[in-house]
Number of protein chains: 2
Amino acid sequence: MTKRKGQLKLGAFLYFTGHHVAAWRHPEAWAGDELKHYTDFARLAEAAKFDTVFFADGVDVRLRNIEAASRKAHSGVSLFEPLTLLSALALVTERIGLVATASTSYTEPYNLARQFASIDHLSGGRAGWNLVTSSDPDAAYNFGHVAPILHADRYDRAEEFADVVIGLWDSWADDAFIRDRTNGRYFDADKLHVLDHKGKHFRVRGPLNTPRTPQGHPVVVQAGSSDPGKELAARTAEVIFTAQLTLEDATAFYADVKGRLAKYGRSPDDLKIMPGVFPVVARTESEAREKFEALQDLVQPVVGLDLLAGLAGGEELSTYPVDSPLPPLLESEAGKSRQALLIDLARRENLTIRQLYLRIAGARGHWQLVGTPEQIADQLEERFVNYGADGFNVMAPIVPGGLNDFIELVLPELRRRGLFRTEYEGATLRENLGLKRPPNRFEKAAEQTQAAE
Amino acid sequence: MTKRKGQLKLGAFLYFTGHHVAAWRHPEAWAGDELKHYTDFARLAEAAKFDTVFFADGVDVRLRNIEAASRKAHSGVSLFEPLTLLSALALVTERIGLVATASTSYTEPYNLARQFASIDHLSGGRAGWNLVTSSDPDAAYNFGHVAPILHADRYDRAEEFADVVIGLWDSWADDAFIRDRTNGRYFDADKLHVLDHKGKHFRVRGPLNTPRTPQGHPVVVQAGSSDPGKELAARTAEVIFTAQLTLEDATAFYADVKGRLAKYGRSPDDLKIMPGVFPVVARTESEAREKFEALQDLVQPVVGLDLLAGLAGGEELSTYPVDSPLPPLLESEAGKSRQALLIDLARRENLTIRQLYLRIAGARGHWQLVGTPEQIADQLEERFVNYGADGFNVMAPIVPGGLNDFIELVLPELRRRGLFRTEYEGATLRENLGLKRPPNRFEKAAEQTQAAE
């Protein structure tokens, strides 16, 4: 295979005040939850021509962190609700894509379809939905459940949820609304489509009471890397947000997922693979390492153990000495692929509990790069040109500090190599990502019927 | 009782492009669903010092209107999703309250509590939630149901839903977030409260992963006028949006609802009664009547019959001659109080089907005033000073045209009489409405425990 040409795509991913678990303690992180921080973040990323801002989410406080009174060091207890946040950001930005995470586990597809469609209207075609299932066991208790949902059930529901949402987005043809005042015709009844979905998890008649959106429909992003996750992505996703730690794993994942597209009648370009990357950058390598260590020094053991709590047997880890090797763990129903990556890492490098949590305190299981702008650009370029990624979701260690560093140091180097844009190509997120505008499934069927007659 | 002093409150209510069913056909109505229309609407209302903009909602297209191909004259098939819309408007307004309708019938209290809390944060304390149940039978089919939900069940669920949402809003004390970087204390664990609700309809542990909001919690608005609706309002609402057609009914309703507050430990001032009013105003009475008739002339019979379709037996109305008297009707599960008002009206005045639908084509069952600025101000003043209302939700016949008329003609007359503000009193919606900031229920309990010790 020849090395690829072209430019890579970049998302500015945000989790709290930066991806490093101790970011909030650092002087270069914003303090508090004020709207101004988020608008500054979006404007900064837009000025740098990122494809997207991309917000993580969760629907719980994670009580396990709170029951012990000593566990009040964690910042992950409050998260700005991302759909209302995206709507607000739509009015203070003009070109950047707006992507939010929303779980399929605890909401109704009609409501979610309508809200994301609305954000696509509000933003003039810049919305993206990061479809996830909720693996955090505490979330279930906020939605009527008495126990966490099993992994297989979450994915089964997610599959059907995606079909309903994407189907509802085609309720109206693009030109369904006539609004002919003189003759009193508001819409064309032939261009209104009833989904009438009857499935295992959902029964949704439709149509959606929202016109078709500027992008046809919002861009569908997915994060699952398990086998059901990859299959769901191959069938329905347009961007995949994933985690691979080595070039070998990345190219294997890339080939695997892209290879699954054909059976759904899709081409490899219809799905962009954008793994997360956690970059700590400075002008010299030693300065970058110092920066990173300064953040690591801010990690409190109680927070580190909480990070590991999602692992099977994670609850009991606090009963082992923090400097002892990782004890044997059982498989759990939490995110399977991420967990397997972590356990493999600890076994491969013979890490202690402390070493393991420090290893994930920054990138949280994603790809971690600490170095000079040239070193980081080399790594990103290598992944890109060898078909390991179509782009990256940049998880700045601290926000705004770490995002500024990436913009000021790494972007000029990527641009010098012709790997990143200097201006947006299009007006919509789809146009910037190089994704086609999807035809309306019902209109397409109608056209084919007409052609056959 | 002496006549009251003080000033009345005003909301700018919006349903599609104006409250009159044929508004969209009028040249003074906006065309289309563009965001710009909504931002213009909010800015216009804010410049005029309205307390709120207030958006109606529904979660269906009303298929009954669509199945017959001829029924494509109705504009009520698409509605901007109000929570995403409010979030956007929060960034282009500064003082006006932002109220949206959201149904308790087909969503999860955790998600709704979080989104409204977020809007209160985004807007700096200007959010309000109009709590409704979904009476439209078509909505049920979009959320897994095979038949509409019964009226009693809707209210039973709504009662519990309100308790969960309001309880979740107190998950954190106002000063729970310390964010002490040096000592690594992000929050005070004693100021985090677990609702742990276990009821008939919901099981929600909490806490909400959103800090307590600028207003303590968003203002709770309710629209039900049935007996369960009034009781729910007396217990939990802070604004009631209602419909009474005569002064006698209005004062009776006012006294009834205010009289129910004491048993919940609330004072009459804790709940503002703001009925809807549909004003058609012009400099002379004959000009106002002409304006109204011009709108009435735009009502197509098919749309008029659709308006009546919510009545029991409404489906069969189209089989009767449109100029025959209203046939006998059965009680249905649709909004009971509104329906009873309409049937009473038709019986009292011996109206034909056409006359009845024309009677509700404008105000849709709310109070309709056609006249000069003085005549309209007289009517509003009479209701206000005789304890029939604390203010009004103005349902402009056409938007922006009819709202402009009200602002340019009626507001100066109200201000001349000292009945409406010339500047906002406060920064939050609560401050402008004269509602107190609610204490945190858990903190209150803690304080009382401390005081008793």
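What is the strand order of the open sheet of 10 strands in chain B? The order is 11-10-9-4-3-2-1-14-12-13, with parallel pairing. The legends below describe a predicted model in which local features need pLDDT of at least 70 and side-chain atom pairs count only at pLDDT 80 or more, while totals for chains, interfaces and linings use all residues. Residues are numbered from 1 along each chain as its sequence is written, chains are lettered from A and ligands numbered from 1 in the order in which they are written, and side-chain values use heavy atoms, with hydrogens and water left out.

**View 1. The edges of the sheet in chain B.** Strand 11 (272-273) and strand 13 (367-371) of chain B each have a single partner strand, so one side of each is left without a neighbour in the sheet. Two strands pair if DSSP finds at least two bridges between them. Helices (H or I, at least four residues) and strands (E, at least two) are DSSP runs, numbered from the N terminus. Strand 1 (residues 9-14) and strand 2 (residues 52-55) of chain B run parallel and are joined by 4 bridges. Within strand 2 of chain B, B:Thr52 is the residue opposite B:Gly11.

**View 2. The sheet of chain A and helix 2.** Chain A has an open sheet of 10 strands in the order 11-10-9-4-3-2-1-14-12-13, with parallel pairing. Its edge strands are strand 11 (272-273) and strand 13 (367-371) of chain A, each of which pairs on one side only. Helix 2 (residues 82-90) of chain A packs on this sheet and touches strand 2 and strand 3 (97-103) of chain A, where contact means heavy atoms within 4.5 Å. The direction of helix 2 makes about 170 degrees with that of strand 3 of chain A. Axes are lines fitted to C-alpha atoms, for helices over the stretch in contact, and angles run from 0 to 180 degrees between N-to-C directions. Between strand 1 (residues 9-14) and strand 2 (residues 52-55) of chain A, which run parallel, there are 4 bridges. A:Phe13 has A:Phe54 in strand 2 of chain A as its bridge partner.

**View 3. Helix 6 on the sheet, in each chain.** In chain A, helix 6 (residues 227-236) lies across strand 4 (127-132), strand 9 (219-222) and strand 10 (239-240), and runs at about 165 degrees to strand 9 of chain A. In chain B, helix 6 (residues 227-236) lies across strand 4 (127-132), strand 9 (219-222) and strand 10 (239-240), again at about 165 degrees to strand 9 of chain B.

**View 4. Helix 2 of chain A against helix 2 of chain B.** The axes of helix 2 of chain A and helix 2 (residues 82-90) of chain B come within 7 Å and cross at roughly 45 degrees. That angle makes the two helices oblique to each other (under 35 degrees counts as roughly parallel, over 145 as roughly antiparallel, 65 to 115 as roughly perpendicular and the rest as oblique). The crossing is right-handed, meaning that the near helix is turned clockwise from the far one by less than a right angle. A:Leu83, A:Thr84, A:Ser87 and A:Ala88 meet B:Leu83, B:Thr84, B:Ser87 and B:Ala88 in this contact. By class, the contact has 4 nonpolar, 4 polar and no charged residues (Ala, Val, Leu, Ile, Met, Phe, Trp, Tyr, Cys and Pro count as nonpolar, Asp, Glu, Lys and Arg as charged, and the others, Gly among them, as polar).

**View 5. The relation between the chains.** Chain B is superposed on chain A by a rotation of 180 degrees with 0.0 Å of shift along its axis, at an RMSD of 0.0 Å (least squares on the C-alpha atoms of residues with pLDDT of at least 70 in both copies). This is the relation of a two-fold axis. In chain B, the C-alpha nearest the axis belongs to B:Ala88, 2.1 Å from it. Of the interface residues of chain B, 100% are also interface residues in chain A, so the copies meet through the same surface.

**View 6. Helix 12 and helix 13 of chain B.** Helix 12 (residues 373-385) and helix 13 (residues 401-416) of chain B pack at an angle of about 55 degrees, with their axes 9 Å apart. Helix 12 of chain B is therefore oblique to helix 13 of chain B.

**View 7. A cis peptide bond in chain A.** The bond joining A:Val399 and A:Pro400 is cis, with omega about 10 degrees. A:Pro400 is in the loop between strand 14 (391-395) and helix 13 (401-416) of chain A.
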